[in-house]
Amino acid sequence: MRATWQEDGPHVHFQPIIAGEVVLNSPVTPLRDQITFHYGDALAIEMESAGVARVADLSEDLRILTLRGISDHADANKSEADASGSQHRASAHAAAAAAAVACELLPETAGSGGSSLAVRSTGAIGEASATEVEWVRALMAFDDISRGDFRHSLLTDMGRILGLPRAFMATESSMARDHVREIVRRMNAYRDPPAARRALYAALEHARPDDGALEGLSRLMS
């Protein structure tokens, strides 16, 4: 894997990835327009991790990280890129990145009996100090959170505060608690979770400055 980092090594990006059971190989399709409109902050599209993400979602407490080596531009030149060996290079880059992440999570420590691996106690990268349940409970305490239009307004304000070209994305649900839970999950999975949490708090503080639930939410921010 060291060879993959020599000379023109890969560039590492930390951005959302779209996953679904579809191959995108054209720059002019309704699917690409849909992705650009709804998921413009995504870096890549892939297929294999969609099922894994669904399992993690159902298990509630399982955290996953998708590492992909980008092999083509998802356009009409995909076949040519594949033929050039781009998939092999991309997989090597992804493997090297996975090894680097593993080394960070399991640092080598020297002991009397030699080297061993020990898990750091600081938790997962970007992990929130409060649990998902605590965040959902704090948000559900706001009087207007049960209204769909209020939640949509919050997402719009979050997107503006974060400098996004559109509202902060969270899959909508007819049940208010399910939608709030999805907002919390997307907030914690955002590329800068603390910034997303601050944006959510700022949006609620602006929308409902006199709501007593702000006090409970502020405790989660500390």
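## Helices H5 and H9

In this predicted model, the axes of helix H5 (residues 132-140) and helix H9 (residues 213-221) come within 8 Å. They cross at roughly 160°. Angles over 145 degrees count as roughly antiparallel, so H5 is roughly antiparallel to H9. The crossing of H5 and H9 is left-handed.

Which residues in H5 and H9 meet? H5 brings Glu 134, Trp 135, Ala 138 and Leu 139. H9 brings Ala 213, Leu 217, Leu 220 and Met 221. By class, the residues of this contact are seven nonpolar, no polar and one charged.

## Helices H6 and H7

The second pair is helix H6 (residues 148-161) and helix H7 (residues 176-189). Their axes come within 11 Å and cross at roughly 10°. Angles under 35 degrees count as roughly parallel, and H6 and H7 are therefore roughly parallel to each other.

On the H6 side, the contact holds Arg 151, His 152 and Leu 155. On the H7 side, it holds Ala 176, His 179, Val 180 and Ile 183. The contact of H6 with H7 divides into four nonpolar, two polar and one charged residues.

## Ala 74 in the H2-H3 loop

Ala 74 sits in the loop between helix H2 (49-59) and helix H3 (78-83). Its phi is near 55°, a positive value in a residue other than glycine. Most residues other than glycine have a negative phi.

Is Ala 74 buried or exposed? Its relative accessibility is 11%. Buried means under 20%, so Ala 74 counts as buried.

Technical notes: Residues are numbered from 1 along each chain as its sequence is written. This is a predicted model: local features need pLDDT of at least 70, side-chain atom pairs count only at pLDDT 80 or more; totals for chains, interfaces and linings use all residues. Side-chain values use heavy atoms; hydrogens and water are left out. Axes are lines fitted to C-alpha atoms, for helices over the stretch in contact, and angles run from 0 to 180 degrees between N-to-C directions. Helices (H or I, at least four residues) and strands (E, at least two) are DSSP runs, numbered from the N terminus. Angles under 35 degrees count as roughly parallel, over 145 as roughly antiparallel, 65 to 115 as roughly perpendicular and the rest as oblique. A crossing is left-handed if the near helix is turned anticlockwise from the far one by less than a right angle, and right-handed if clockwise. Contact means heavy atoms within 4.5 Å. Ala, Val, Leu, Ile, Met, Phe, Trp, Tyr, Cys and Pro count as nonpolar, Asp, Glu, Lys and Arg as charged, and the others, Gly among them, as polar. Buried means under 20% relative accessible area, exposed over 50%, partly exposed in between (1.4 Å probe, protein chains only).
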